[in-house]
Amino acid sequence: AVGGGVTLAAVGGARRADTAFDRFLDQVSSPIDVSAAGIEADLTVYGDAWTNLTEPIADIAGVRGVTPVSWMAVAYEIDGEPQQFFSIATGPPAGDSPPPGSHIVDGRAADPRAANEVTINEEGRRQMGVDIGDQITLRSYATDQYTAFIGSDIEEDRGPRVDVVVTGIHRSAEDISDNPEAMVLLTPAFRDRYGDQIVHCDCSFWIAASRSDADSIAAALPAVVGDYPL
């Protein structure tokens, strides 16, 4: 969830069961209460979080795998105009079953070694009017435009403009939410090539685990995370 700054807030509780979507949520999700109240203004504090935390998180009892995630100030174009400057790039995973965060429903996943390949979600295909094999243009904020990135503001972008090819369509949580957003999933190679030119935050991790292990993993995470403001 991104809004009013890069802020994550997920709160679950009693739900109505008057729609198919509500009944689906009742079957597959658990009540959670998680909040990361914005990210630090100095994004350098997360600089080595991926390197220092991915393997230790994967070593927590019950964790099946970990995928580090970078939030990058990258926007896709529609009719020559950039949309929201927020895209996700994954990093080197750890564990036996790192979560992909999405499921390919058409085409193929982007090659993690290719900086010019992406997948888009189903809502992205609808909004952008593009399909597998099409080329899209990505726009970005330069590293000194972190204020606009953190505040979800719109200003003239000064980062790299990169043409990429859509290799597949994926389905993610966005596509089954009640307010879906178009999303571009970037490769590790994209972040490696352009990370020093684009403002980004290597400050998120996807963790795969059984629901029964969620509480013990949550209890163990603070000791592993330590002083990182995650």
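**Notes on the predicted model**

1. The side chains of Arg158 and Asp144 form a salt bridge, with N and O 3.1 Å apart. This is a predicted model, and the distances and angles in these notes should be read with that in mind. Asp144 is partly exposed, because its relative accessibility is 48%.

2. In total, the structure has twelve salt bridges. As background, side chains of opposite charge can pair when their charged atoms come close. Another of the pairs is Glu122 with Arg171, where the closest N and O atoms are 2.8 Å apart. This one links distant parts of the chain: Glu122 belongs to helix H3 (residues 122-128) and Arg171 to strand S11 (residues 162-171), 49 residues apart. Glu122 has a relative accessibility of 25% and so counts as partly exposed. Arg171 is partly exposed too, with a relative accessible area of 38%.

3. Arg191 sits in helix H5 and Asp202 in strand S13 (residues 200-209), so the pair joins parts that are eleven residues apart in sequence.

4. Salt bridges also link four residues into a network: Glu77, Arg139, Asp157 and Arg161.

5. Turning to the aromatic residues, a search of the whole structure gives three aromatic pairs. In one of them, Trp71 and Phe86, the ring centres are 6.0 Å apart and the planes stand at 55 degrees, so the pair counts as tilted. Trp71 is in strand S3 (residues 63-72) and Phe86 in the loop between strand S5 (81-82) and strand S6 (87-90); the pair thus links distant parts of the chain, 15 residues apart. Trp71 and Phe86 are both buried.

6. Phe190 and Tyr194 make up another pair, also tilted because the planes of their rings are at 50 degrees, with the centres 4.9 Å apart. Both residues lie in helix H5 (residues 188-194), four residues apart, which is about one turn of the helix. Phe190 and Tyr194 are both buried.

7. What is the volume of the second largest pocket? The value is about 330 Å³. Its lining consists of 18 residues, and those nearest the centre are Thr90, Pro100, Ala109, Ala110 and Leu185. At least two lining residues come from each of strand S8 (103-107) and strand S12 (184-186). By residue type, the lining has eleven nonpolar, seven polar and no charged residues.

8. One backbone angle deserves a look. Most residues other than glycine have a negative phi. Asp79 is not a glycine, yet has a positive phi of about 55 degrees. Asp79 is placed in the loop between strand S4 (74-78) and S5. With a relative accessibility of 78%, Asp79 counts as exposed, because the cut-off for exposed is over 50%.

Methods
Residues numbered from 1 in each chain as written. Predicted model: local features only at pLDDT ≥ 70, side-chain atom pairs only at ≥ 80, totals over all residues. Heavy atoms only, no water. 1 Å grid on protein atoms, 1.4 Å probe; cavity = no way out; pocket = protein on both sides within 12 Å on 5 of 7 lines; lining within 4 Å. Points joined across faces, edges and corners; volume = space filled by probe spheres on them. Nonpolar A, V, L, I, M, F, W, Y, C, P; charged D, E, K, R; others polar. Phe/Tyr/Trp six-rings, centres within 6.5 Å; stacked < 30°, edge-to-face > 60°. Buried < 20%, exposed > 50% of the residue type's maximum accessible area, 1.4 Å probe, protein only.
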